[in-house]
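These are my notebook entries on one structure.

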Amino acid sequence: MRSFSIVVAADRAMGIGKNRGLPWRLRKDMAFFAKITSKVVQGAQDATTIGELTHQRRVNACIMGRKTWESIPKKFRPLTDRFNVIVSRDPHYLDDKPEKGNPLVALATSFEAALDLVESLQSPSSSSPSTSSIQVARTFLIGGAQLYNEGVRSKDCTHIFLTRIDATVDCDTFFPEISPSEYQLLPSTESHEFLENYLQESVEGGVIEEGSYQYEYTVYNRI
Ligand code: FOL
């Protein structure tokens with residue numbers, strides 16, 4: 001089960017970043033990001049009774065590129081209650097970092113290796129080489145542009161959760177084209193229903209206004 005979903009916020013031009021950070025500050029969207037990436041819904045991936053016997057912690061995984069990791073404010077990283085997988089070609093990237101040794105932080109030297117690692121943690125205990133204390137439920141790719149580029153092309157990407165911001169902001173980083181032959185954009189009402197079912201709780205629907213921004217949570221499904 002190597003499947004994963006992309007989570008992203010983008011403007012009309014599919015801009016996602018500026019100067020190594022987010023070009024906007026959207027409090028509710030950030031709360032939505034934290035919710036969708038953190039919440040472990042019963043029945044998401046595997047089932048059966050684990051934890052009690054094996055002392056495994058069941059969390060979602062967030063795969064991110066090294067630059068995205070560095071863009072997250074220090075006080076918010078590693079992302080709490082999530083398995084943080086950092087992708088860097090430098091196998092020593094974490095060596096001198098305070099996160100080294102944190103069971104919720106791992107390094108992978110490619111996106112494929114990150115998916116392999118997460119997959120090895122999706123079945124309770126056993127199969128994992130060193131028998132991790134972490135069990136992964138859902139897997140999210142959270143950026144940035146380089147990894148999104150690889151991710152959207154992958155057959156293992158089942159959903160794109162796009163917060164569509166109705167503005168054109170000055171950006172220097174962009175989300176790749178979403179091919180209509182590979183993904184279907186759910187209409188507004190269906191996107192909202194999908195999200196409430198996916199999260200098993202109510203989600204704000206329609207256009208959300210925050211400061212000078214208007215945005216909407218949309219869902220693309222792999223065809
Ligand atoms: N997807 C969406 N919908 N919005 C985003 O802003 C977004 N950002 C990224 C990836 N996908 C996204 C990558 N950038 C944090 C900061 C930057 C970031 C991702 C996450 C972060 O600090 N998150 C904290 C919440 C902090 C807060 O509450 O302000 C977290 O716990 O998730």
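I began with contacts: I counted two residues as in contact if their C-beta atoms, placed from the backbone, lie within 7 Å. I noted that the model is predicted, that local features need pLDDT of at least 70 and side-chain atom pairs pLDDT 80 or more, while totals for chains, interfaces and linings use all residues. Residues are numbered from 1 along each chain as its sequence is written.

Entry on V118. Leaving out residues up to four places away in sequence, I found that V118 touches A61, I63, V85, V136 and T139.

Entry on the core. I took a nonpolar core to be a set of buried Ala, Val, Leu, Ile, Met, Phe, Trp, Tyr and Cys residues joined through C-beta atoms within 7 Å. A residue is buried if 20 or more other C-beta atoms lie within 10 Å of its own, exposed if 12 or fewer, and partly exposed in between. The largest nonpolar core has 49 residues, of which I63, V85 and V118 touch the most other members. In soluble globular proteins, nonpolar side chains tend to be buried together.

Entry on strand 6. Helices (H or I, at least four residues) and strands (E, at least two) are DSSP runs, numbered from the N terminus. I found six of the eight residues of strand 6 (residues 134-141) buried, so this strand is largely enclosed by the rest of the structure. Which strands pair with strand 6? Two strands pair if DSSP finds at least two bridges between them. Strand 1 pairs with strand 6 in the parallel sense over two bridges, and I6 has L141 as its bridge partner in strand 6. Strand 3 (residues 57-65) runs parallel to strand 6 and is joined to strand 6 by six bridges; here the partner of C62 is F140.

The ligand is surrounded by 18 residues, the closest being A9, A34, F76, I142 and T163. Strand 1 (4-10), helix 1 (27-38) and helix 2 (66-71) are the elements that give two or more residues to this shell. Helix 1 supplies the largest share, four residues.

Entry on the whole chain. I recorded five helices and eleven strands in the protein chain. Of its 223 residues, 31% count as buried. The C-alpha trace spans about 50 × 40 × 35 Å along its principal axes.

How values were computed: A residue is near a molecule or strand if its C-beta atom, placed from the backbone, lies within 6 Å of it.
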